[in-house]
Amino acid sequence: MTLRIFVPGDSGALAVGADEVAAAIAAEAGKQGLAVTLVRNGSRGLYWLEPLVEVETPAGRIAFGPVTPDEVQELVAGLASAPADPSPPGEGPPRSGGGGVGASPEEPHPSQSFARIPSPLEGRDRAAAPFTSHPLYLGPTEDISFLKRQTRFTFARCGVIDPLSLEDYRAAGGLKGLQAALALTPETIVDQVTQAGLRGRGGAGFPTGIKWKTVLAAEGPRKFVVTNADEGDSGTFADRMLMEGDPFVLIEGMIIAGLAVGASHGYIYSRSEYPHANRVMEKALAIAESAGLLGMDILASGRTFTIELRIGAGAYVCGEETALLESIEGKRGQVRAKPPLPAIKGLFGAPTVINNLLTLASVPFILAEGAAAYAAVGFGRSRGTMAVQLAGNIRHGGLFETGFGVSLGELVEDIGGGTATGRPVKAVQVGGPLGAYFPPSLFDTPFDYEAFAARDGLIGHGGIVVFDDTVEMAQQARFAMEFCAIESCGKCTPCRIGSTRGVEVVDRIIAGHDVEADAALLADLCDTMKFGSLCALGGFTPYPVMSALTHFPQDFGIVPPNGRMEAAE
Amino acid sequence: MSQSRHAKDPLAVTPKELSGAQLDELLTIIAGFEGVEGAALPILHAIQSAFGYVPQAAVPILADKLNRSRAEIHGVVTFYHDFRSQPAGQHVVKLCRAEACQSMGGNHVAEVVEAGLGIGMGETTADGRVTLEPVYCLGLCAVAPAAMVDGRVIGRLDEAKAGALIAEVAP
Ligand SMILES: Cc1cc2nc3c(=O)[nH]c(=O)nc-3n(C[C@H](O)[C@H](O)[C@H](O)COP(=O)(O)O)c2cc1C
Ligand code: SF4
Ligand code: FES
């Protein structure tokens, strides 16, 4: 019998040694005469447990992690004996929190301190039982509470299937949405997306159905669908995970978008910082083409859709939709003034749907399961699920897909387990480099577009970056200005010049001269940037800066300035 | 457009910068994108991957082939952080300097790497062995601080791992 073993090929897992672990498993299996099929799946998104190795058993998949190459020999030995060994559970006590000792002697294994992993396999199939004594044993993957607590619509297959197996994809429910869409009129597809209440996941939360409707109604000899996969925000990695873990869901979503608006060609604009994701995506596109999923006759329906992958060149501002279009056109990534909207006059002057990758990847679920199933989850006007990304100084960093409305504190403290360093949380930045820093006193804020805006923040692309009490907030404010200066497209003065002046003002505050006056100047400068900038790069840089100043005035050596920043336009 | 015309052009190729064979290679790369709409970025990526940088000589040729002005193409090349005007070192070390990595001691790791290599961000060691570049997020924010060395990703950097990284690229 050949044992299927899953070792993620996700770059987050690769960064902590997944390739070495996969190689060690292959070598060790050979040595021990164990027939093994290695599947390089995506990541489940439990990054503190990566490399997370899963073994398929009749009772489901069993997880071990984080695995190091040193520990592979013992792991494989356990597996080699398991299928042949019908005896009841091994002598070792089932591993629960705080118990086991890792095989690497020099440092305590990170998982030792992990108290939240649910225990073991009571009542499970015996074939799995001999595994339970392994020190890295985590139990059935699906029972790990971080996963179990999620509602996975968009990421349902990520980390589960072989990302480049179209058969796996189909077997796990893939292409159902597209099959449904092929039988519908464009208007009906758009209606479904509208009724689902899907809002753009790229940051602004604009209703996707309305955007699509505009493109559908727009006249033009050709139209385009563009995926914004220029995930540049610090603290975000959901687009990358999906491209590496379930690329066909994006392809399916784009084809459906094409059917909905009458476009037959699409672009995926990804980033050069994601070479692994781009390689997987490129392969997935080739597979989809040769399987007739993309091309002149999609699934033998007579419909046409093709997709090209374009790679950016290290400019954050190219995530802004109009700058992105300029970039695909081969120009500098400068922001265009709106109107005209891209929906009317977008790529190469043609009506264009431009959506965030997660937005498009949410569409197959909506078409497959129905708008109501999607809209049933969520909070207020934010329907469906959000792929929350827990990052930075956090114990259980990873991807947590859940309905909108969960509180920030629950995400950070409960689900994320507080800081990785074990020190108190001082601030969390939500929504990338243009997002506000929230102190723990605002942890009751529900994860929802409007709720965050009401507290001078934004959820952006769903990234949460946690800082412990060693962070100096004046330095973070300085960095926000510096980042804006580095990444400004240069089109408008408040952003181009204001950010450089902003760095200087914060430097003077940090140096401690006439702090009150400079803080007032900084607030004034932020006001100018906020209301005078053409796009959100200059317009939202005031969020991190002013939130740092407002919530952590002591870090600037000042008392709080009166009044709060007004909500963004 | 013929090579000789470029050779006479003061803004174009100096024979030292590109050999005839290199010019041919450049033209072959560009020709490979015939019919691709908005091909400037893919072409520049291809040139950089073949030459290690974007030679100044490529600008007028590309402008001609894409029917755009030199100023425009020059603007494109200089706008994007990725495109280099000089060859990089044998190894390229990209260190993430963005917030999630900062929150896990990324700034300290950056100092360690800078000191270990004896260069600052954006510089190449005198022996041409290593180029150090800042990058703003590699999508490895849950295993921060992160780096990419010649395309290979490294997470959870600390002083020890930074030391190993330095030893690997600059032994
Ligand atoms: C500076 C800047 C960077 C942005 N970066 C991204 C990004 O990386 N990904 C993204 O989807 N949207 C990004 N956006 C938002 C896009 O402009 C746009 O709103 C979005 O792609 C629309 O898709 P959606 O409706 O699906 O959200 C950015 C905006 C600005 C101003
Ligand atoms: S705000 Fe900055 S990035 Fe946006 S258009 Fe103006 S200069 Fe460009
Ligand atoms: S912030 Fe460093 S990898 Fe994302």
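In helix 13 of chain A, the buried residues (buried meaning under 20% relative accessible area, with a 1.4 Å probe and protein chains only) are A:Leu357, A:Leu358, A:Thr359, A:Leu360, A:Ala361, A:Ser362, A:Val363, A:Pro364, A:Phe365, A:Ile366 and A:Leu367. The helix, a DSSP run of H or I with at least four residues and numbered from the N terminus, spans residues 357-369 and is mostly covered, with 11 of its 13 residues buried.

The model is predicted, so that local features need pLDDT of at least 70 and side-chain atom pairs count only at pLDDT 80 or more, while totals for chains, interfaces and linings use all residues. Residues are numbered from 1 along each chain as its sequence is written, chains are lettered from A and ligands numbered from 1 in the order in which they are written, and side-chain values use heavy atoms, with hydrogens and water left out.

After the helix comes A:Gly370, whose phi is positive, near 100 degrees.

A:Asn356 and A:Thr359 also belong to the surroundings of ligand 1, where 18 residues are found (each with a heavy atom within 4 Å), and the closest are A:Gly202, A:Asp230, A:Asn355, A:Asn356 and A:Thr359. The table lists polar contacts, that is, pairs of N or O atoms within 3.5 Å.

| Side chain | Distance to an oxygen atom of ligand 1 |
|---|---|
| A:Asn355 | 2.8 Å |
| A:Asn356 | 2.8 Å |
| A:Thr359 | 2.7 Å |

Taken alone, ligand 1 exposes 610 Å², of which the protein buries 91%, the areas coming from the Shrake-Rupley method with a 1.4 Å probe. Strand 9 (352-356) and helix 20 (536-540) of chain A each supply at least two residues of this shell, and strand 9, a DSSP run of E with at least two residues, gives the most, with 3 residues. By class, the shell has 4 nonpolar, 8 polar and 6 charged residues.

Elsewhere in chain A, helix 15 (residues 408-415) has A:Leu408, A:Gly409, A:Leu411, A:Val412 and A:Ile415 buried, and this helix is followed by A:Gly417, whose phi is positive, near 75 degrees.

The structure also holds 6 cavities of 30 Å³ or more, a cavity being a set of points, on a 1 Å grid over the protein atoms alone, where a 1.4 Å probe fits but cannot get out. The largest cavity has a volume of about 70 Å³, and its lining residues (with an atom within 4 Å of a point) include A:Val335, A:Cys489, A:Lys491 and A:Leu537.

Key:
A polar contact is a pair of N or O atoms within 3.5 Å; within protein, one must be able to donate a hydrogen and the other to accept it, and residues adjacent in sequence count only if both atoms are side-chain atoms. Ala, Val, Leu, Ile, Met, Phe, Trp, Tyr, Cys and Pro count as nonpolar, Asp, Glu, Lys and Arg as charged, and the others, Gly among them, as polar. Buried means under 20% relative accessible area, exposed over 50%, partly exposed in between (1.4 Å probe, protein chains only). On a 1 Å grid over the protein atoms alone, a cavity is a set of points where a 1.4 Å probe fits but cannot get out, and a pocket is an open set with protein on both sides within 12 Å along at least five of seven lines; lining residues have an atom within 4 Å of a point. Grid points are joined across faces, edges and corners, and a volume is the space filled by probe spheres set on the points.
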